[in-house]
Amino acid sequence: MQRFKKPEFWAYPILMVGLWAFFAFAMPDVLEFWEKNQLFRFSSDYWHFFDHEPFGTLIYVHTFLIQFSYYPWLGAIVYALLFTLTAWLFNRCVATNGNRRLLPGLLSVALLLPTSANFGLLVLLVVFLAVVGAHCWIYWKNRILRYSCQVIVLAGLTYLVREYMVWILPFYMCLDWGRTRQNGQKFNPLFLLIPLGGTMLAWGLEAWFCAPYEFISSKSPFKFTGNAFSPSSNIPFNYFRPKKIVFVCMEIATFFSLAGVFYPFFKKKLDWIGGLFLIGGVLWITPIQVKSIADFQQVDRLCRNYQWENALRKLDSQWEKFPVITSLSDFTNTHRLFFGHTKIALLATRKATNKLFTYPQPAFPLLFPLAMNNRAECFVLPSYYTFVGEFSESLHLNYDLITCHCISATILNATIISSLIVDDTLPAFKLTHFLEKSLFYRHQASVYKDSFQRNNLPAIKRGKQMLPFYDYAVASYIPDKNAVKQHMQQQGNPYFYEYFISLCLLDKNTKTIVDEHSNIKKFYQKGKPFFAPYHIQEAILASFNYSPSRYLYPQKIEGISSDVWNDYWLFIIDNQSYFNGSTTFSELQKKWGHTYWFYDCYLTMVDMESKTSQSIN
Amino acid sequence: MRLLSQQKALLYPDYTDITMPCNIAPLNFYVLPPYKNYSIKVFGKKGDTLQMKGRNFVKFNPQKWHQLLQENRNGRLWVEMNLNSTGTETEKLSFYWDVRDSIDPYFACRLIEPSYQMSNLLQTIEYNLQEASQRILFDNRLQTYGCVNCHTFAQTDCSHLVYHVRFNRTGTFIVRNDTILRVDLKSSRFPQGGVYPTWHPNKKLIAFGTSSAYPFVHSKDIVRRTEVFDSLGDIIVYDIDRNVILTDSRISSDSVEETFPYWSWDGKYLYFCQSPNPPRDSLEDDVDYSKKIKYNLVRIAFDDKTNTFGQIDTIVDFRITGQTASFPRLTPDGRFLVFCLSDHGTFPIRHPESDLYLIDMTGSLPKDSNWIPASKDFWMKKMEQVNSPFTESYHTFSSNGKWLMFSSKREDNLYSRPYFTYVDSNGISSKPFLLPQRDPAFYLTFLKSYNVPEFAQTPAAISAAKAKEMSLMPTIEVDSVLIDGQRITVYPLTTVSSLPQL
């Protein structure tokens with residue numbers, strides 16, 4: 001009964017329950033995000049994917065643990081358990097040395113957790129391993145064994161954790177320092193060479209044996225500016241990487257906590273500065289990183305569940321900070337990520353033409369101008385093609401993505417569904433093999449296999465309705481507009497017409513818009529009188545700038561509202577003022593930047609930017 | 001005892017009743033469900049018997065395997081298996097392995113994603129056929145994620161190698177023993193540079209195709225997936241010592257497309273594919289246009305003493321076959337020519353109808369009903385044992401001319417896998433077998449295609465680390481171009497844009 005009264009007895013269970021509640025209720029989207037971007041499989045091939053690479057073993061363990069976040073409450077248990085164990089072991093380490101000043105430095109590492117670092121749980125694993133190693137070392141009595149153990153443990157850790165050694169190594173050195181001081185022994189600086197030697201040994205061995213992968217081994221384990229092991233296949237999402245300032249905060253926190261340990265040299269207690277930086281770093285991380293990941297996951301989930309209006313509402317908040325029109329170069333990484341979803345949601349709600357400039361629109365005439373430079377963009381791009389019925393292209397991308405960027409549950413499912421839609425069953429059957437080897441997606445494999453026979457999956461039924469009637473060439477990742485026009489005539493795929501008209505608008509092809517007038521009417525008319533979407537009306541009016549018909553009776557053109565007419569004449573007047581020099585370009589942009597006329601007149605965003613900068617200068 | 005067709009479903013890969021080289025790595029395989037436990041006995045007329053028991057995976061001891069094969073060279077091995085699932089249901093299997101001539105111990109190939117749209121992770125590997133192990137020759141992660149392609153040895157001699165790198169640190173890299181060159185073949189006359197290299201046996205000349213490739217994706221024809229057709233296709237020969245490009249007006253004209261050059265092993269003929277430029281309607285979709293493109297397979301005589309071209313012969317005429325020919329490959333003795341025949345287009349690798357055909361160049365074999373006319377002078381035969389309903393495309397003969405390695409998508413119509421078949425003196429091929437791996441289930445989860453497999457007799461002269469060093473070498477521009485022996489002035493592409501406009 002006595003031990004129940006000790007605070008230590010209750011502290012860790014309470015900590016664990018608190019952490020579980022935090023992860024389960026405050027960050028389920030974050031956990032889901034990490035889970036959807038891997039697919040742990042119980043098969044030797046999956047292990048072989050990692051076993052030949054430094055850092056690979058740890059990533060393997062990481063993906064094993066992260067798979068439990070399929071159910072966020074279960075994933076939260078894994079996080080909470082690992083965190084609590086780390087805290088308990090750490091407390092035992094520092095308590096023995098009588099030095100708790102290391103706390104800010106170590107916590108700074110631990111708090112680069114799922115909220116921030118690109119590998120999420122991986123950081124916690126690293127800390128956990130380091131603390132386990134330290135704990136063993138501290139409680140090992142034999143001195144020679146302990147030192148040799150330290151070399152081996154650190155060599156192993158260097159291989160496993162790579163760049164995180166920048167924090168672990170000082171921690172071990174401090175433990176040595178604290179231990180000698182506690183035992184009343186004189187500290188020998190040469191002793192620091194032991195942990196350093198362990199690290200260098202591993203690094204040297206790796207450089208020797210890992211050829212030709214010198215790009216891995218040539219990376220110093222002390223350089224913490226990027227992934228030591230950096231093939232794209234293992235970087236899930238660079239977008240969510242903390243900014244350098246976060247690392248700087250954490251490194252300063254570590255430094256001052258070490259300064260606290262070396263108190264006799266510094267004469268003053270400086271470890272509180274470390275604590276301040278720790279708090280600063282955490283405050284910096286949490287709002288930005290957590291929100292980005294959670295927002296992305298929420299939007300993605302809404303889109304995949306066809307809740308387009310809700311997705312658009314969510315996306316609106318993402319674009320609030322942006323000006324009406326901007327260039328692609330202005331996009332931050334995070335916003336590039338949301339760009340794809342925005343376009344899909346706009347098409348799905350048939351608002352793409354009407355809200356053409358409500359959201360940022362890059363210079364070139366593509367509705368979906370993301371390059372496939374990294375996994376974040378690849379993640380969205382095939383979904384987009386699938387949505388508009390371009391399964392051929394989506395399949396091509398997906399099959400490449402599977403190997404380039406590891407297999408993720410999301411991409412694998414999308415690939416199988418696309419394959420089944422186009423009756424490409426052999427590759428689909430092959431891919432279900434991967435699902436069967438996973439813990440939580442086995443049932444999905446049987447669903448797909450069942451659909452081979454019965455064709456009963458809604459996503460597949462919907463997709464089959466959108467298949468093109470005839471074969472045409474899809475070049476440069478973007479469907480040809482003529483082909484799209486054919487495509488749009490099919491029932492069940494209205495998105496393509498919206499897509500087609502958007503492309504014409506972005507292409508500044510006003511002639512097509514005018515030619516399409518009867519189709520536009522047919523497509524958008526929901527009652528009388530008929531009014532085309534706003535930007536289409538603008539495009540029709542803009543076309544008169546290049547046509548003799550501007551001198552005829554354009555008022556008789558059906559679908560143009562009087563408001564648009566009035567705006568048009570006002571724009572003509574203001575535009576004239578700009579050419580006369582009585583109005584600046586930025587004033588013109590501010591007033592008319594959201595219109596197709598402005599876009600049409602000022603060609604590309606690059607031109608517009610240069611004009612903007614000129615007018616500012 | 002089951003029939004052969006039924007046995008196929010019990011083992012993977014299907015190694016039943018095949019002909020294998022005497023130096024091949026163990027043909028490991030696994031037992032398909034519902035069977036799990038097995039006992040196996042492999043025996044021949046000579047040597048010990050290999051006996052094993054186990055579950056699922058049949059993996060042979062390499063040392064005992066090689067010993068058994070060497071002792072039974074040119075003989076037959078018998079395999080007897082007992083399979084059972086739950087302990088009660090037992091199945092007996094029996095099949096044979098014929099052991100024949102040795103195969104070149106290595107081959108090099110590129111590992112690539114099946115859609116060929118990304119070059120995020122490209123590797124050229126060298127596979128050891130005796131040990132079922134591999135070594136990386138090129139890894140694009142070491143070279144800023146460029147694209148590597150068209151690695152080619154000089155008639156399986158690995159001391160002579162050529163390959164291209166595109167996008168980053170570009171160039172055509174030529175290795176001749178210890179001499180390494182990085183050449184830029186692009187010039188104002190041939191702005192596309194060289195592709196599909198082939199070494200002349202004198203190892204001083206390399207023939208290239210040069211063309212602009214137009215890839216597109218089919219919107220509906222998912223089976224064909226991606227189509228590629230060439231434009232501005234010509235054949236050029238690069239003289240390494242003189243740093244000069246040679247060609248002939250008949251193989252570099254604008255009115256005709258040429259591609260896929262291949263030197264005969266004696267160097268007297270240059271084989272390639274040639275297509276008249278079909279007229280194109282301005283509104284014609286690429287899909288419709290590509291269907292008009294059909295190539296003949298022709299050869300042009302070549303005198304390597306004077307570096308001059310001679311007469312052109314048509315080997316396969318598309319007006320007779322109705323199909324397009326590609327990838328001509330000859331046996332070292334020049335007796336057999338194997339090529340791909342597909343419906344249309346330049347690139348057969350995405351055409352499931354693409355099959356391998358064989359031509360008896362000597363015309364000495366008796367022609368039965370399997371032989372059909374290929375052109376006015378030649379007859380061809382479909383390699384029935386080798387072909388499948390899916391793509392068979394890139395192929396190459398071993399240095400002894402007995403083994404044909406080809407890539408096939410027969411498993412899933414998506415990923416190319418290397419297969420091997422024995423071609424006897426009558427041009428009859430054996431049932432092909434899949435490249436053996438140490439892990440029998442390897443192919444089930446391997447999501448890359450084996451691209452451009454090329455035999456090699458020795459390990460290649462480069463490694464990934466060396467390739468990285470080579471990528472930093474200075475580039476040599478081509479000195480001049482000789483067409484029909486006439487020197488024409490060319491400019492490197494980098495300076496063309498700064499030339500005065502006429």
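1. Basis. Residues are numbered from 1 along each chain as its sequence is written, and chains are lettered from A in the order in which they are written. The model is predicted: local features need pLDDT of at least 70, side-chain atom pairs count only at pLDDT 80 or more, and totals for chains, interfaces and linings use all residues.

2. Chain A overall. Chain A contains 31 helices and two strands (DSSP runs numbered from the N terminus: helices are H or I of at least four residues, strands are E of at least two). Of its 617 residues, 46% are buried (20 or more other C-beta atoms within 10 Å of the residue's own, with C-beta atoms placed from the backbone). Among contacts in chain A between residues at least 6 apart in sequence, 70% link residues at least 24 apart (contact: C-beta atoms, placed from the backbone, within 7 Å).

3. Helix α2 of chain A. This helix spans residues 28-36, and seven of its nine residues are buried, so it is largely enclosed by the rest of the structure. The buried residues are A:V30, A:L31, A:E32, A:F33, A:W34, A:E35 and A:K36.

4. Sheet in chain B. Four strands form an open, antiparallel sheet in the order β20-β21-β22-β23 (strands pair if DSSP finds at least two bridges between them). At the edges stand β20 (256-263) and β23 (308-316) of chain B, each with a single partner strand, so one side of each lacks a neighbour in the sheet.

5. Pairing of β21 and β22. Strands β21 (residues 269-276) and β22 (residues 296-303) of chain B run antiparallel and are joined by six bridges. B:Q274 has B:N296 as its bridge partner in β22(B).

Notes:
Buried ≥ 20, exposed ≤ 12 C-beta atoms within 10 Å, placed from the backbone. Contact = placed C-beta atoms within 7 Å.
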